[in-house]
Amino acid sequence: MEFIGVDIGGSHISAAKVRSRERKVDFLQFAEGDIDTFGEKENIISAWSKVILLATGNSKDIRVGIAMPGPYDYEKGISLIKDQGKMASLYQLSVKDLLAESLSIPSSDIVFTNDAEAFLAGESYAGAGKDFQNSLGITLGTGLGSAIKVHDVVKDAKLWTAPFRDGIAEDYLGTAWFRQYALQRYGLTISGVKDLLAPGHDSSIANEIFETFGRALGEFLFPYLIRLHAEGVVLGGKISLASNHYLPTTLSYLETMGYPIPFKISELGERSALLGACLPFLSN
């Protein structure tokens, strides 16, 4: 029996064989691809299946764990994604059944997990979060992903829509905020965080932008950390790669507020979701 971990996003998919022994995890046959999910359902399912099959190699006896963004009926594998453009043709369809047919395996051998849950579960099993009983997992990128872990239970926290300042959390804690703030305050047109770190950019401007972001991150997380009695935060996503530029401000704010807490950067990277998606099989 081989376990195949899959991480599906709006335009990308990655997959690998996941093998675990005594919490030592190996990822084999890693495969990935960019997928046009604005198209017809048959084309989407076919494209996803091709990448998954690449990860299986010649293995026939497989079980597939899939990390997927919401909204979703994860137990039944039914897509509830409607108004985002991407995956619209799969709305209210059983992606579990469609993939099972395409992969020629029983639908019972496919499980779905929220992508933020899969991230934190994977890091807690064999990565940056393994020493925390109670933790908060945050992925910072195009959007804001969040999950909470209390002992052995990991759940999607859905904090991206949480009220914050004069909007919601995702307005301040993602790539779109960096673009908007740089343009409005400095007249800078950037595509994302990476541009601020490129040679030729004014480092003083970049530092101010990162400090503003770091302060917002601390302000937002503070009440949730208290409520959860969190022992630590596990940080992932593309923006976490620049954490040394904003995290000192976040930590300083939380210390000032009387809640100093360790932040750990993802150790597994994009493979954390592959592992987390397979844990329903590995833990049985």
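Buried means under 20% relative accessible area, exposed means over 50%, and partly exposed lies in between (1.4 Å probe, protein chains only). This is a predicted model: local features need pLDDT of at least 70, side-chain atom pairs count only at pLDDT 80 or more, and totals for chains, interfaces and linings use all residues. Residues are numbered from 1 along each chain as its sequence is written, and side-chain values use heavy atoms, with hydrogens and water left out. Helices (H or I, at least four residues) and strands (E, at least two) are DSSP runs, numbered from the N terminus.

**Helix H8**
- The buried residues of H8 are Ser272, Ala273, Leu274, Leu275, Gly276, Ala277, Cys278, Leu279 and Phe281.
- Nine of the 12 residues of H8 are buried, so the helix is largely enclosed by the rest of the structure.
- H8 covers residues 271-282 and reaches 15 Å from its first C-alpha to its last, close to the expected 16 Å. The expected span is 1.5 Å times one less than the number of residues.
- Its buried residues pack against strands E1 (2-8), E2 (12-21), E3 (24-34), E4 (62-68) and E7 (110-114), and against helix H3. Contact means heavy atoms within 4.5 Å.

**Helix H7**
- H7 (residues 243-256) has 14 residues and spans 19 Å between its first and last C-alpha, close to the 20 Å expected.
- Ser243, Tyr246, Leu247, Thr250, Tyr253 and Leu254 are buried in H7. They cover an arc of only 120° around the axis, which puts them on the same side of H7. The arc is taken from the directions from the helix axis to the C-beta atoms.
- Asn244, Glu255 and Thr256 are exposed, on the face of H7 turned away from its buried side.
- The buried residues of H7 pack against strand E8 (134-140), helix H6 (203-228), strand E13 (232-236) and strand E14 (263-265).
- Gly258 follows H7 and has a positive phi, near 85°.

**The five-stranded sheet**
- An open sheet of five strands runs in the order E10-E9-E8-E13-E14, with mixed pairing. Two strands pair if DSSP finds at least two bridges between them.
- E10 (153-156) and E14 stand at the edges with a single partner strand each, so one side of each has no neighbour in the sheet.
- Neighbouring strands are turned by 20° against each other on average, direction ignored.
- E8 and E13 pair in the parallel sense over five bridges. Ile138 has Leu235 in E13 as its bridge partner.
- Helix H3 (residues 115-126) lies across E8, E9 (144-150), E10 and E13, at about 50° to E9. Axes are lines fitted to C-alpha atoms, for helices over the stretch in contact, and angles run from 0 to 180 degrees between N-to-C directions.
- H7 also packs on the sheet, touching E8, E13 and E14, and its direction makes about 165° with that of E14.

**Nonpolar cores**
- A nonpolar core is a set of buried Ala, Val, Leu, Ile, Met, Phe, Trp, Tyr and Cys residues joined through side-chain atoms within 4.5 Å.
- The largest core has 42 residues; Leu140, Leu173, Phe178, Phe220, Leu225 and Tyr246 touch the most other members.
- H6 gives the largest share of this core, 13 residues.
- Apart from it lies another core of 29 residues, including Ile8, Ala15, Trp48 and Ala55.

**Ser79**
- Ser79 lies in strand E6 (residues 78-79).
- Ser79 counts as buried because its relative accessibility is 0%.
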